[in-house]
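Reader: I have a chain open here and would like to talk through it. Can we start with the pocket and then move on?

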Amino acid sequence: MFNLRSDKTVKDNDRNKFPDLFKKNGLETQIDYYTEQSLKKIKFSLILKTAIISAVAVIISFFLDLAKVPILGDITINIAKYLFPSWQPSEFLIEPFQFWWLPLIVYVSFVLLSYLCFKKLHKEVARTPATETIDRIVDSYTSIIDGISTALPLIGAAILLISIKLGEDIFLGLSVPFEIKALIILAIGKLFEPVLDNMSVEFQNVVTHIHDIKEKYFNRKNLENSKDSLAFPNSTEELESVSKAQNVIIANLEKYKNLMGETAMMSEKMFENFKEVDLLVNKISNANFVDSEAIMQLKSLAESISVVTASLNDERTVTGLKYLESMVTKK
């Protein structure tokens, strides 16, 4: 497989010039190409621009010194004379130890640590781009810088407490100048943290875009696979399978059609029965009920029939009927 990472003549706009090349080589080549080009654009000099504020703090530290500073001389005494023209330094001033170089050395060490962090990120992102890797590396170097800037003031405070007992010469000549520079270093360390934060953001943008490339690639592949699954079959086995599926579908549709026809017939019969029942209910509702006079006549007729029936059970009546029957027979 052709590897774009080894071709140094490929430019940033080659992706637009050779789209077929990227399509053939797939996702891995796209990610390798983008990673290489993106990491080339991340320069340490661009990231170091955020360290300007902390560099200003280093320059200010030269003017906050009790001892002599190269080029600037007794800068603190000169500033005091400028602010208070009538003030005169004591002839018995203790010559303090020179610590003007301490913030400068610490600042250089911070820059060196940030460069090591930059190289580490550059290597890890090129190999395995992941957010967790970036956070782990940046946090480790941030902890080192923060630890140095915090530890020096604490050490200076301890020296300061010890020097109180050792005398004024040690206190003013060593402890106080060191503590002043240690506090300045603490400020420089806090102002230097945006350098690593900016570095983390730059590399995180690369990782985020790589994840976007993967997501778009897999979405496109899923879409292509779905289209392929809906394409017309070419092999004989696929045609037979499709034919069998069609026959099953047609048979199910016929059954459904017959069932729907039977359901329609039953619905028609139910509708006719409903109409007949409705007509019968209307007739019953409109029918005239028998009045009370007719009921009294029926009652009188029933009583007459009861009397006649009772008379038939009388012995004399039965004898008379037999005699009448015999006379009719003789004739």
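**Pocket, helix pair, overall make-up**

Author: This is a predicted model. By class, 10 nonpolar, two polar and four charged residues form the lining of the largest pocket.

Reader: Which residues lie nearest its centre?

Author: L66, I77, L93, I94 and P96 do, out of 16 residues that line the largest pocket.

Reader: And which elements give two or more residues to the lining?

Author: Helix 5 (75-83) and helix 8 (168-229).

Reader: What volume does the largest pocket have?

Author: About 350 Å³.

Reader: Switching to helix 6 and helix 7. At what angle do the axes cross?

Author: Roughly 170 degrees, and the axes of helix 6 (residues 101-127) and helix 7 (residues 131-166) come within 9 Å. The angle is over 145 degrees, so helix 6 is roughly antiparallel to helix 7.

Reader: Which residues in helix 6 meet helix 7?

Author: Among them are V106, F110, L113 and L116 in helix 6, and on the helix 7 side the contact includes I134, I137, Y141 and I144.

Reader: What is that contact like by class?

Author: The contact of helix 6 with helix 7 has 15 nonpolar, two polar and two charged residues. K120 and E124 in helix 6 are part of it.

Reader: Now the whole chain. How many helices and strands?

Author: The protein chain has 11 helices and zero strands.

Reader: How much of it is buried?

Author: Of the 331 residues in the protein chain, 25% are buried.

Reader: And contacts between residues at least 6 apart in sequence: what share joins residues at least 24 apart?

Author: In the protein chain, 72% of those contacts do.

Definitions and conventions:
Residues numbered from 1 in each chain as written. Predicted model: local features only at pLDDT ≥ 70, side-chain atom pairs only at ≥ 80, totals over all residues. Heavy atoms only, no water. 1 Å grid on protein atoms, 1.4 Å probe; cavity = no way out; pocket = protein on both sides within 12 Å on 5 of 7 lines; lining within 4 Å. Points joined across faces, edges and corners; volume = space filled by probe spheres on them. Helix = DSSP H or I, 4+ residues; strand = E, 2+ residues; numbered from the N terminus. Nonpolar A, V, L, I, M, F, W, Y, C, P; charged D, E, K, R; others polar. Axes fitted to C-alpha atoms, helices over the stretch in contact; angles between N-to-C directions. Parallel < 35°, antiparallel > 145°, perpendicular 65-115°, else oblique. Contact = heavy atoms within 4.5 Å. Buried < 20%, exposed > 50% of the residue type's maximum accessible area, 1.4 Å probe, protein only.
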